[in-house]
Amino acid sequence: MSAASRPGRRWSFPIAIRVEPRMEQPRGFGTAVSLGAVLVALLLGAVVLEIVGGNSLRAYSYMLKASFGSLGVISDTLVKATPLILVGLACTVAFRMRLWNIGAEGQFFMGAFGASAVVLAPLVPPETPAWLTILAMMVAGFAAGALWGFIPGILKARLNVNEIITTLMLNYIAIAWVNFFIFAVWTEGGFQMTRVFPKTAWLPRLADFARQVPQLRGITLHLGLLFGVVAAVIIWWVLDRSKWGYEIRLTGDNPRAARYAGIRIALNTVLVMMLSGGLAGLAGMSEISGVVHRLQGAISPGYGFTGIIIAWLAKLNPLAVVPVSILFGGLILAGREIQPSGVPKMIQGIVLVCLIASDFLVRNRVLVVRRTPEA
């Protein structure tokens, strides 16, 4: 007769796992958990690569070289990171208020459309100076993205419509809207693109100064990166230092307390969604004015959706969005160089899953306890 089956004696595992809500976090704990999640994701990605017959070390080494191996590719990585910074900030602003804006992709397209309208409609005369044309494109791009954020914002504020559904569906409408113009109204020869913008509508690039500084020849980095960095500082100040930022954070953390404190939640819902959409729209403007110099269908490899991952990885810290975006900019650039090109996208997906899973550790403590012997 086994010990477990003897009458009056029950066998139990000597240790147990207990989960408790985490009442407070050590300083930097959230960042450490995020970094740990990324490392776990890289390990899981390596395991998958080895299972399918690949060489994980070689793949990671090549991705690192393709993204940060020289001044030229670092410049290209920063170019890819520029729209990611802005869409990452767009998601960060909305998520801090617990508004789940999944529509940064559509707002990106609408921002690109609004900026293009300045040149192609045209909203300003062709002989307008470059600085004024670019300023008008920034305003139009931001306004178009903000309009695309206003729609789900007002529906949420007035009718409590789920913003996840509305923002997601508006992505498809925005892409269809842009397709209508690049296939018909503004098309160049029936192709899925418009004519190239005049140079007065191009954001300045470092390569433009190669005549004065030969070392800058071939460096594609443009002024849009400055937009992203400045926006990150401004959004950080707004969220962490201003009275409006306090209202946003309080509404996100405790809506009942915010309502009791007299905060106008409906108004802030609309304003935050418009700010979020405007930032994503500015990303669209930056991409067409700084990189492609025309409106076309393939202007985004999913920047808006990647912005969601970036906001999560940055733990909704606007300043942390910048380095995280550079990391993902490198992943996108590596995806263009490495074969099969789906590897970086797979790693991005694993990173997202690990980040979401790691949030459990941020909110809870997992304890391994010894079972006490039964009396």
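This is a predicted model: local features need pLDDT of at least 70, side-chain atom pairs count only at pLDDT 80 or more; totals for chains, interfaces and linings use all residues.
Let me begin at Lys315, the residue that follows α11 and has a positive phi near 55 degrees; helices here are DSSP runs of H or I with at least four residues, numbered from the N terminus. Residues are numbered from 1 along each chain as its sequence is written, and side-chain values use heavy atoms, with hydrogens and water left out.

Staying with α11, which spans 303-313, we find that 9 of its 11 residues are buried, so this helix is largely enclosed by the rest of the structure. Buried means under 20% relative accessible area, computed with a 1.4 Å probe on protein chains only, and among the buried residues of α11 are Tyr303, Gly304, Ile308 and Leu313.

Is His293 buried or exposed? It counts as buried, because its relative accessibility is 6%. Leaving aside residues up to four places away in sequence, His293 touches Arg195, Val196, Phe197, Trp202 and Ile288, where contact means heavy atoms within 4.5 Å.

Now to the open space. The largest pocket has a volume of about 1,300 Å³, and of the 43 residues that line it, the closest to its centre are Ser34, Trp312, Leu313, Ala314 and Lys315. On a 1 Å grid over the protein atoms alone, a pocket is an open set of points where a 1.4 Å probe fits, with protein on both sides within 12 Å along at least five of seven lines, and lining residues have an atom within 4 Å of a point. The volume is the space filled by probe spheres set on the points, which are joined across faces, edges and corners. Among the elements that give two or more residues to this lining are α1 (29-51), α2 (56-68), α8 (243-253) and α11.

Two of these, α1 and α2, have axes that come within 9 Å and cross at roughly 125 degrees. That makes α1 oblique to α2. In their contact, Leu42, Gly45, Ala46, Leu49 and Glu50 of α1 meet Ser56, Ala59 and Tyr60 of α2.

Finally, α8 has as its buried residues Gly245, Glu247, Ile248, Leu250, Thr251 and Gly252, and what covers them includes α3, α7 (224-241), α9 (255-260) and α10.

How values were computed: Buried means under 20% relative accessible area, exposed over 50%, partly exposed in between (1.4 Å probe, protein chains only). Axes are lines fitted to C-alpha atoms, for helices over the stretch in contact, and angles run from 0 to 180 degrees between N-to-C directions. Angles under 35 degrees count as roughly parallel, over 145 as roughly antiparallel, 65 to 115 as roughly perpendicular and the rest as oblique.
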